[in-house]
Amino acid sequence: RRGGGGGPRHDDVPRSIAAAAELDAWLRTSADARSPATCPAGALIARAAVAPARARAAVAGSALMSRLREDWRLGAHLAALRAVFLGGAGEAAHSFASSVFERLDETRAGGGGGDEESSGESRSLFGFADASEINAALADALAADGCGDLPDPSDVAVDVTPPQDVDPTAHAGAVGSRRRSVWGDAGGVGSSSAGEGAAMLDALSRLRLSVKTPWPLALVVPESCADRYNACATFLLQLRRARASVEEASRSGWTPAARRAPGSVSGGPHARALLAELRHFTQALHEHVIGRVLHHAWLELERDVARATSAEEARAAHDRFLDKAQAQCLASPDPTWTLLAGQTRAALGIACDFAAAQRRAGWSARARGEGWEAIPGPGYYSAAEAATRAGFAPVPEGEAERLAGAFRR
């Protein structure tokens, strides 16, 4: 310590008082310190006030961060956001997504069913008329989980934004242009299904989730993060829909009668190849995104929050987590990710289109198969006849070829 020359010792006094006493002793004993050229006022103020203030701010920030982690349960709130927005709720997330898809299918069936002439009208009716049913489905899914790690259902809500006044066959720019280049302007086989998958994805993008964030935790998770979380949630929900549609299409012909009958009901070469490609694409993409967002990025966030010594460091760690999540969910504002997002959503729309085409073929097969029970026949049916009796038919080859061409481009 400078304090020679009989200066007072301050080992047992507060740090700020000790710093002031040390500065005062230096000013009294040093000839250079009294010269304005060698000791400007800014240096004096910084030595006497700024450094101690910063030290006290660091202590206060560390104490606040400790309270955020322990008393206000910051980690539990971040886990709740992950569960609600990013599908980390496991069975509850699957149950909620299934309920949303069922209501979407009900809207489609009510808007025109399998009638090809009314399919254009049914596409315009895709959506959710009332958010109360969606909120009830989410509350039931969270309440039925029972793991204790999910947020209270009263703190979570779902809003349905009004539909935009746009062409229902267009979706995110690239999807609309892709659809027009494949199906043409009008007519032809498959023109009735143009844009149905994109309309389903558009309907899902109208859902907006929200989770209440108490004030102290808003220092780390500000309200502006809701839009970024919803962008990720929308992509994950659309990806779940595309994967569920493809799996439904692949399982729709697995009836007991069709499995026992000789022959095949998998359709022509284009339909079989496209179904295999769509299954691989949707499953691989879903597993990749879930692994990156729910596992790797989440572990990094937990580690960074545990090491944070201030609310600013925790907020920066949360922002980095959202940046990585948006990149993996193709919701980043970066132009490269925007281009990739358009191509990926076009592929997801084609997956939904394929499943919709197979459903229409099944409706037509069921209509043709009505009354077959009264017709006497041999002891068994062919595979195609057995599947038709169950209301299944493969996607027509012309439509499958067009969808395959769009998907592979």
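**Contacts, helices and salt bridges**

Trainee: Leaving aside its neighbours within four places in sequence, which residues is H286 in contact with?

Mentor: H286 lies in helix α12 (residues 269-307); helices (H or I, at least four residues) and strands (E, at least two) are DSSP runs, numbered from the N terminus. Contact means heavy atoms within 4.5 Å. With neighbours within four places in sequence set aside, H286 is in contact with L239, R240 and R243.

Trainee: At what pLDDT do side-chain atom pairs count in this predicted model?

Mentor: Residues are numbered from 1 along each chain as its sequence is written, and side-chain values use heavy atoms, with hydrogens and water left out. In this predicted model totals for chains, interfaces and linings use all residues, local features need pLDDT of at least 70, and side-chain atom pairs count only at pLDDT 80 or more.

Trainee: Is H286 buried or exposed?

Mentor: Buried means under 20% relative accessible area, exposed over 50%, and partly exposed in between (1.4 Å probe, protein chains only). The relative accessibility of H286 is 10%, so H286 counts as buried.

Trainee: What percentage of the residues of the protein chain count as buried?

Mentor: The secondary structure of the protein chain comes to 16 helices and 2 strands. Among contacts between residues at least 6 apart in sequence, 81% join residues at least 24 apart. Of the 409 residues, the share that counts as buried is 42%.

Trainee: How many of the residues of α10 are buried?

Mentor: Helix α10 covers residues 225-251 and reaches 39 Å from its first C-alpha to its last, close to the expected 39 Å. The expected span is 1.5 Å times one less than the number of residues in the helix. Helix α10 is largely enclosed by the rest of the structure, because its buried residues, out of 27, number 19.

Trainee: Which residue does D105 meet in a salt bridge?

Mentor: A salt bridge is a side-chain nitrogen of Lys or Arg within 4 Å of a carboxyl oxygen of Asp or Glu, and by this rule the count comes to 13. D105 meets its partner at 2.7 Å, N to O, and that partner is R241.

Trainee: Which residues are linked with R243 in a network of salt bridges?

Mentor: The side chains of E247 and R243 meet in a salt bridge of 3.2 Å, N to O. They are 4 residues apart in helix α10, so about one helical turn separates them. E247 is partly exposed at 23% relative accessible area, while R243 is buried at 18%. The network links R243 with E247, R251 and E287.

Trainee: In β2, what is the bridge partner of V156?

Mentor: β1 and β2 run antiparallel. V156 has its bridge partner in β2, namely V211.

Trainee: About how many Å² is the nonpolar surface patch made by L64, W72, W215 and L219?

Mentor: Patches are made of residues with over 30% relative accessible area and no salt bridge, with like charges joined within 9 Å and nonpolar side chains (Val, Leu, Ile, Met, Phe, Trp, Tyr) within 5 Å. W72, in the loop between α2 (41-70) and α3 (74-85), counts as partly exposed at 34% relative accessibility. Accessible areas come from the Shrake-Rupley method with a 1.4 Å probe, and for residues only the protein chains shown count as cover. L64, W72, W215 and L219 make a nonpolar surface patch of about 400 Å².

Definitions and conventions: Two strands pair if DSSP finds at least two bridges between them.
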